[in-house]
Amino acid sequence: MNPNAEMIAVNHPPVQFGKVGVLLVNLGTPDGTDYKSMRRYLQEFLTDRRVIEWSRFLWYPILYGIVLNTRPGKVGKAYASIWNNDLDESYLRTYTRNQAEQMAKSFADLPNVRVDWAMRYGQPSIKSKMDELQKDGCEKILLFPLYPQYAAATTATVNDEAFKALLKMRWQPALRTVPRYHDDPVYIEALANSITGHLATLDWEPEVILTSFHGIPKSYFMKGDPYHCQCYKTGRLVREKLGWSKEKLQVTFQSRFGPEEWLQPYTDKTVEKLAQEGVKRIAVINPGFVSDCLETLEEIAVEAAESFHEHGGEKFTHIPCLNDTPGGMAVLEHVVRRELMGWV
Ligand SMILES: C=CC1=C(C)c2cc3[nH]c(cc4nc(cc5[nH]c(cc1n2)c(C)c5CCC(=O)O)C(CCC(=O)O)=C4C)c(C)c3C=C
Ligand SMILES: [Fe+2]
Ligand SMILES: [Fe+2]
């Protein structure tokens, strides 16, 4: 008997079922570059205990007394300089939406699969998208935190938020989370191709290529976060794929925040040091970022480039993230198809 017929017979509201959802989730983004939007975004981000692990008694006076009064203005200006003015949104948002739309098209062979996207901080929220997918009949949801390397501050907080959304659901979908893919051969090949493809467009050759990952405080690593090791493995595999030396392709960490020591070597200090040592030409790639964002377009492509030139360097190039390019989409689709096994 058709299960819906039986439910209607007992006056049960009609329910959708039988589909599988794929939810791509990136970090987040402010709605605008104005003070209020920036403050709202930074407040949500910087009150996440997975991001700032300090005691709330110590952190909140600093956050509410200093950080949320000074940082929104400063960071808002930086966002404004790299804003996607055509769509009035950040590029992180543009690329994440494009990734979901392109993946949905490529999954035409999987008619019961719905692909959507969300942000951990800001809109659209994970909860709103999980509710939509569930209402649309997704009994199973594959949650994809868009981070090739696992960190508690990124992957785990996305997973936490999705499990929190389940707390209020009567009919919970089954939830599967995508693990790190820092050493997946398809990902490594896409990075290597992106490096060689970008360098082929230049009329000069870099002496050094930095693979610059977002940092985390060293104390998080000492407590057992595997992020550092996974970044180094990605760097080593790309280097081996390209047949380059440790001097030619180096791993560094960027985006320090606060007074603590973070993972080293620091990208900004390395860029300065290379220029001071007489290196004239460098390239920087950000393998840990699935999409270009403030940290790549401003901190690296603008700030690091300026610093290199100020310290005596001559040529600097930023290699874009994989974004929604065919190479980038091949990686995301490969990982999702593998993790959907047994469900479709
Ligand atoms: C202690 C603070 C932070 C930790 C730990 C941290 C880890 C971390 N972050 C990313 C990816 C991104 N971070 C981005 C921006 C950003 N990060 C922090 C702080 C920490 N990040 C702040 C305060 C900000 C906002 C900008 C600023 O105020 O400087 C972004 C960009 C978002 C955008 O909209 O463009 C990304 C992406 C990773 C991968 C990571 C740990 C592995
Ligand atoms: Fe960050
Ligand atoms: Fe930054």
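1. Let's start with Glu-295. Setting aside residues up to four places away in sequence, Glu-295 is in contact with His-214, Gln-254, Ser-255 and Phe-289. Keep in mind that this is a predicted model. Glu-295 sits in helix H11 and comes out as partly exposed, because it has 18 C-beta neighbours inside 10 Å, while a buried residue needs 20 or more.

2. Now its partner, His-214. This residue belongs to strand E5, which covers residues 208-214. Is His-214 buried or exposed? It counts as buried, with 27 C-beta neighbours inside 10 Å. Beyond its neighbours within four places in sequence, His-214 is in contact with Gln-254, Ser-255, Gly-288 and Glu-295. So if you're browsing the model, Gln-254 and Ser-255 turn up in the contacts of His-214 and again in those of Glu-295.

3. Why look at these two together? An unreviewed UniProt entry lists His-214 and Glu-295 under "binding site".

4. Helix H11 itself deserves a look. It runs over residues 294-310 and has a kink of about 30 degrees, centred on Ile-300. Ile-300 is also one of the buried residues of H11, along with Leu-294, Thr-296, Leu-297, Glu-299, Ala-304 and Phe-308. As background, an α-helix has 3.6 residues a turn, so residues three or four places apart point the same way.

5. Just past the end of H11 comes Gly-312, with a positive phi of about 110 degrees. You'll find Gly-312 in the loop that leads from H11 to strand E8 (315-319). It is partly exposed, with 14 C-beta neighbours inside 10 Å. Apart from residues within four places in sequence, its contacts are Ala-275 and Gln-276. Gly-312 and Lys-280 are 32 residues apart in sequence, and their C-alpha atoms are 7.3 Å apart in space.

6. Last, Tyr-266. It is in the loop between strand E6 (249-254) and helix H10 (267-276). Tyr-266 is partly exposed, with 19 other C-beta atoms within 10 Å; the cut-off for buried is 20 or more. Leaving out neighbours within four places in sequence, Tyr-266 is in contact with Thr-252, Phe-253 and Arg-256. How far is Tyr-266 from His-12, C-alpha to C-alpha? The two are 59 Å apart in space and 254 residues apart in sequence.

Definitions and conventions
Residues are numbered from 1 along each chain as its sequence is written. Chains are lettered from A and ligands numbered from 1 in the order in which they are written. This is a predicted model: local features need pLDDT of at least 70, side-chain atom pairs count only at pLDDT 80 or more; totals for chains, interfaces and linings use all residues. Helices (H or I, at least four residues) and strands (E, at least two) are DSSP runs, numbered from the N terminus. A residue is buried if 20 or more other C-beta atoms lie within 10 Å of its own, exposed if 12 or fewer, and partly exposed in between; C-beta atoms are placed from the backbone. Two residues are in contact if their C-beta atoms, placed from the backbone, lie within 7 Å. The bend at a residue is the angle between axes fitted to the seven residues ending there and the seven starting there. UniProt positions are given in the numbering used here, feature names are shortened, and annotations may be inferred rather than shown by experiment.
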